[in-house]
Amino acid sequence: MSQKEPISKKIDKLKMQVEWFYGEDFDLSEATEKYKSAVELAKEIEADLNNLKNEIKIIEEDFAR
């Protein structure tokens, strides 16, 4: 993953990873690794969203002054 990859791109990648589980290419032997990868990406997205939320709170506090 790129350090500053947009959240929207990460979400698109996660959607593609989840779709793999429903597709014709699904292979049980690959499922564990694909699942781990999807979980890692979901955690990254969650962290990015939390950081964004914190930035918004800071901006709101600055405007409230």
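1. Of the 65 residues of the chain, 11% count as buried.

2. The model is a predicted one, in which local features need pLDDT of at least 70 and side-chain atom pairs count only at pLDDT 80 or more, while totals for chains, interfaces and linings use all residues. Numbering runs from 1 along each chain as its sequence is written, and side-chain values use heavy atoms, with hydrogens and water left out.

3. The chain has two helices and zero strands. Its radius of gyration is 16 Å, well over the 11 Å that the globule rule gives for 65 residues, so the chain is more spread out than a compact globule. That radius is taken over C-alpha atoms, and the rule is 2.2 Å times the number of residues to the power 0.38. Along the principal axes, the C-alpha atoms fill a box of roughly 55 × 20 × 15 Å. Helices (H or I, at least four residues) and strands (E, at least two) are DSSP runs, numbered from the N terminus.

4. How many salt bridges does a search of the whole structure find? There are four, where a salt bridge is a side-chain nitrogen of Lys or Arg within 4 Å of a carboxyl oxygen of Asp or Glu.

5. One of them is between the side chains of Lys10 and Asp48, at 2.6 Å from N to O. Lys10 lies in helix H1 (residues 7–22) and Asp48 in helix H2, so this pair ties together parts that are 38 residues apart in sequence.

6. Glu5 and Lys13 also meet through their side chains in a salt bridge, with 3.0 Å from N to O. Glu5 is buried, with a relative accessible area of 11%, whereas Lys13 is partly exposed at 33% relative accessibility.

7. Within helix H2, Lys36 and Glu33 lie three residues apart, about one turn of the helix. Their side chains form a salt bridge at 3.8 Å, N to O. Lys36 is partly exposed at 47% relative accessibility, and Glu33 is exposed, with a relative accessible area of 52%. Elsewhere, salt bridges that share partners join Lys10, Glu44 and Asp48 into one network.

8. Which residues gather in a patch of negative charge on the surface? They are Glu24, Asp25, Asp27 and Glu30. Glu30 belongs to helix H2 (residues 28–64) and is partly exposed at 37% relative accessibility. Patches are made of residues with over 30% relative accessible area and no salt bridge; like charges are joined within 9 Å, and nonpolar side chains (Val, Leu, Ile, Met, Phe, Trp, Tyr) within 5 Å. Lys and Arg count as positive and Asp and Glu as negative, with His and the chain ends not counted. The place of a charge is NZ of Lys, CZ of Arg, CG of Asp or CD of Glu.

9. Leu49, Leu52 and Ile56 make a nonpolar surface patch of about 240 Å². Accessible areas come from the Shrake-Rupley method with a 1.4 Å probe; for residues, only the protein chains shown count as cover. Leu52 sits in helix H2 and, at 39% relative accessibility, is partly exposed.

10. Lys10 and Phe63 are 53 residues apart in sequence and 30 Å apart in space. Asp62 and Asp48 are 14 residues apart in sequence and 21 Å apart in space. Asp62 lies in helix H2 and is partly exposed, at 46% relative accessibility.

Notes. Buried < 20%, exposed > 50% of the residue type's maximum accessible area, 1.4 Å probe, protein only.
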